[in-house]
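Please keep the model in view while reading.

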Amino acid sequence: MFSFFKKKDDGIVIASPIKGKAISITEVSDPTFGECMLGKGIAIIPEEGKVCSPVDGEVSMVFETLHAVSLTSDDGVEILIHVGLDTVSLKGQGYQAHVANGDKVKKGDLLLTVDLDYVKNAGLQTVTPVVICNTDDYKDVQQVANGAVAIGEDAIKIVK
């Protein structure tokens with residue numbers, strides 16, 4: 001009856017971890033990401049090699065090959081940032097981690113740096129999927145960034 005007094009839930013916003021061009025994750029050529037097998041999200045074609053935390057939370061895992069990092073936000077959102085496609089083959093070359101498993105991070109904290117030219121010269125794509133791995137826990141995961149996006153700008157909205 002008094003539902004108009006309830007605070008509206010605007011969902012959870014995930015920021016862009018990278019400066020670049022935001023595209024639909026369905027445009028990613030790797031079917032693991034493009035077909036949303038790991039979850040919904042966004043993809044970013046990076047302009048620079050800084051990867052920053054899109055949320056306040058905790059580093060769940062820095063992959064041994066440094067090509068990806070997963071985080072759990074303070075809201076419980078599980079996020080995978082996978083820098084490039086097939087970049088596991090580089091065995092960490094061209095990548096540097098600035099965090100470790102279990103580190104607490106704030107939105108904007110530097111997670112990884114990557115030499116984008118090194119990745120491209122190895123014949124690999126730099127497109128970076130940002131995936132919500134627990135997509136099924138939410139009503140919807142929506143891309144809100146399109147085209148040019150800066151680190152920290154809204155990229156994904158999660159509807160509870």
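Asp 140 is partly exposed, with a relative accessible area of 27%, where buried means under 20%, exposed over 50% and partly exposed in between, computed with a 1.4 Å probe on protein chains only. Its partner in a salt bridge is Lys 40, and the closest N and O atoms are 3.2 Å apart. Because Asp 140 belongs to strand E12 (residues 140-143) and Lys 40 to the loop between helix H1 (31-34) and E3, this pair ties together parts that are 100 residues apart in sequence. Lys 40 is likewise partly exposed, at 35%. The model is predicted: local features need pLDDT of at least 70 and side-chain atom pairs count only at pLDDT 80 or more, whereas totals for chains, interfaces and linings use all residues. Residues are numbered from 1 along each chain as its sequence is written, and side-chain values use heavy atoms, with hydrogens and water left out.

The count of salt bridges comes to three, each defined as a side-chain nitrogen of Lys or Arg within 4 Å of a carboxyl oxygen of Asp or Glu. Another joins Lys 104 to Glu 58, with 2.9 Å between the closest N and O atoms. Lys 104 lies in strand E9 (residues 104-105) and Glu 58 in strand E5 (residues 57-62), so parts 46 residues apart in sequence are tied together; strands (E, at least two residues) and helices (H or I, at least four) are DSSP runs numbered from the N terminus. Lys 104 is exposed at 64%, whereas Glu 58 is partly exposed at 32%. Glu 47 also forms a salt bridge, with Lys 19, at 4.0 Å between the closest N and O atoms.

The cysteines present another case. A search of the whole structure finds zero disulfides, a disulfide being a pair of cysteine sulfur atoms within 2.5 Å. Cys 52 is buried, at 5% relative accessible area.

Cys 52 is also among the residues touched by Ile 81, as are Pro 17, His 67 and Leu 111; contact means heavy atoms within 4.5 Å. Ile 81 and Leu 111 are among the residues with the most contacts inside the largest nonpolar core, which has 36 residues. Such a core is a set of buried Ala, Val, Leu, Ile, Met, Phe, Trp, Tyr and Cys residues joined through side-chain atoms within 4.5 Å. A second, separate core of 10 residues includes Ile 25 and Leu 80.

Notes: Lists of a residue's contacts leave out its neighbours within four places in sequence.
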